[in-house]
Amino acid sequence: MQKCEKCGENTSNGYDCEHTKFEEYCKECYTELHYYITEKKDNE
Ligand SMILES: [Zn+2]
Ligand SMILES: [Zn+2]
């Protein structure tokens, strides 16, 4: 079982990329992170 580095919840599927500094995030935190990144890009 992996643990989300952001919210600390156990997650069966961890997600990581350069935006999470390659730490495992749960799906909710990973999606939320990319939602903000996308929003920011759209506003610039
Ligand atoms: Zn999380
Ligand atoms: Zn990413």
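**Exercise 1.** Determine what percentage of the residues in the protein is buried, and which residues form the largest nonpolar core.

*Solution.* Step 1: a residue is buried if 20 or more other C-beta atoms, placed from the backbone, lie within 10 Å of its own, exposed if 12 or fewer, and partly exposed in between. Of the 44 residues in this predicted model, 11% are buried. The model being predicted, local features need pLDDT of at least 70 and side-chain atom pairs count only at pLDDT 80 or more, while totals for chains, interfaces and linings use all residues. Residues are numbered from 1 along each chain as its sequence is written, and chains are lettered from A and ligands numbered from 1 in the order in which they are written.

Step 1: a nonpolar core is a set of buried Ala, Val, Leu, Ile, Met, Phe, Trp, Tyr and Cys residues joined through C-beta atoms within 7 Å. The largest such core comprises five residues, namely C4, Y15, Y25, C26 and Y30.

Step 2: in soluble globular proteins, nonpolar side chains tend to be buried together.

**Exercise 2.** State the order of the elements and where confidence is lowest and highest.

*Solution.* Step 1: helices (H or I, at least four residues) and strands (E, at least two) are DSSP runs, numbered from the N terminus. The protein has one helix and two strands, in the order β-β-α from the N terminus on.

Step 1: pLDDT is the predictor's confidence in each residue, from 0 to 100. Its mean over the protein is 91, and 91% of the residues reach 70 or more. By element, the lowest mean, 88, belongs to helix α1 (residues 27–43), and the highest, 95, to strand β2 (residues 10–11).

**Exercise 3.** Is C4 buried or exposed, and which residues does C4 touch beyond four places in sequence?

*Solution.* Step 1: C4 lies in the loop between β1 (2–3) and β2. C4 is buried because it has 20 C-beta neighbours inside 10 Å.

Step 1: contact requires C-beta atoms, placed from the backbone, within 7 Å. Beyond four places in sequence, C4 touches E9, T11, E24, Y25, C26 and C29.

**Exercise 4.** Is E9 buried or exposed, and with which residues beyond four places in sequence is E9 in contact?

*Solution.* Step 1: E9 lies in the loop between β1 and β2. E9 counts as exposed because it has 12 C-beta neighbours inside 10 Å.

Step 1: neighbours within four places aside, E9 contacts C4 and C26. The C-alpha atoms of E9 and C26 are separated by 7.5 Å, with the two residues 17 apart along the chain.

Conventions: Contact = placed C-beta atoms within 7 Å.
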